[in-house]
Amino acid sequence: MKKLIAAASLCVASFSVQAAIIVPEHDVDAGKKIAETVCAACHGVNGVSVVPAQPNLGGQNVKYLYKQLVDFKTGYRKNGIMQSQVANLSQQDLANVAGYYASQAPWGVGFGNPATNQEATKLYLGGDKSRGVIGCAGCHGPDAAGNEWAAFPRLGGQHAEYISTQLKLFRAAGRADDIDSDEQKRINDAAKEGEMGMMQTVASKLSDRDIRILSDYISAVH
């Protein structure tokens, strides 16, 4: 319980940042047209991606989706493909796309690893105090449904490969690893560049094994 409280406390510190996200009024039909022509190849028309490296988007929290699209647009979140895809989209377009995907049915769940399920459950729910690892459930919920008000994303059922990649990008940023490209780290969890974001802080404590078993576990949570 104390570990969950500690995780929740860390989340509270970021609420002021996430809660400030205001999604403009959006046109779902207009968003669908953009999704069909710009987004569907990677994320599916309905937000269900058949590519494990690309995230499912259907039913995702609209605040989270909008923020990520804006961050790609401004370059705060680095990804060459996504930055080129949103380059010609307006702020209103981004809101429309976010609203469209958020309106779709949530994606399904994958298959976890029974061999590491017990270990991963403990790490996800309560972390590991001996190593300073904070549990994921404090922010993303015990069922990994996320927190719409705080713009924390739904994770349950997300592709394990995508989850693993994002955790490694956050970890690289949190440890200030010496890397060749800005695309190899993710800093857009922080309120502004130069600050340590929540996910950077959490992921910096994770080992490769932690990331692997958590990713497998999250892909099956619902």
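These legends describe close-up views of a predicted model. Local features need pLDDT of at least 70, side-chain atom pairs count only at pLDDT 80 or more, and totals for chains, interfaces and linings use all residues. Residues are numbered from 1 along each chain as its sequence is written, and side-chain values use heavy atoms, with hydrogens and water left out.

View 1. Asn61 sits in the loop between α2 (28-43) and α3 (62-74); helices are DSSP runs of H or I with at least four residues, numbered from the N terminus. Asn61 is buried, because its relative accessibility is 8% (buried means under 20% relative accessible area, exposed over 50%, partly exposed in between; 1.4 Å probe, protein chains only). Its contacts, leaving out residues up to four places away in sequence, are Asn147, Glu148, Ala151 and Phe152 (contact: heavy atoms within 4.5 Å).

**View 2. Polar contacts of the Asn61 side chain.** A polar atom of the Asn61 side chain lies 2.9 Å from the backbone nitrogen of Lys63. The Asn61 side chain also reaches the backbone oxygen of Phe152, at 3.5 Å. A polar contact is a pair of N or O atoms within 3.5 Å; within protein, one must be able to donate a hydrogen and the other to accept it, and residues adjacent in sequence count only if both atoms are side-chain atoms.

**View 3. The Arg209–Glu119 salt bridge.** The whole structure holds 5 salt bridges (a side-chain nitrogen of Lys or Arg within 4 Å of a carboxyl oxygen of Asp or Glu). One of them joins the side chains of Arg209 and Glu119, at 2.6 Å from N to O. Arg209 belongs to helix α10 (residues 208-218) and Glu119 to helix α6 (residues 117-126), so the pair ties together parts 90 residues apart in sequence. Arg209 is partly exposed at 37% relative accessibility. Glu119 is partly exposed too, at 38%.

View 4. The side chains of Asp210 and Arg131 form a salt bridge of 2.7 Å, N to O. Asp210 is in helix α10 and Arg131 in the loop between α6 and α7 (137-140), so this pair links distant parts of the chain, 79 residues apart. Asp210 is buried, with a relative accessible area of 5%, whereas Arg131 is partly exposed at 37%. A network of salt bridges links Asp128, Arg131 and Asp210.

**View 5. The Arg171–Asp208 salt bridge.** The closest N and O atoms of Arg171 and Asp208 are 2.7 Å apart in this salt bridge. Arg171 is buried, with a relative accessible area of 11%.

How values were computed:
Helices (H or I, at least four residues) and strands (E, at least two) are DSSP runs, numbered from the N terminus.
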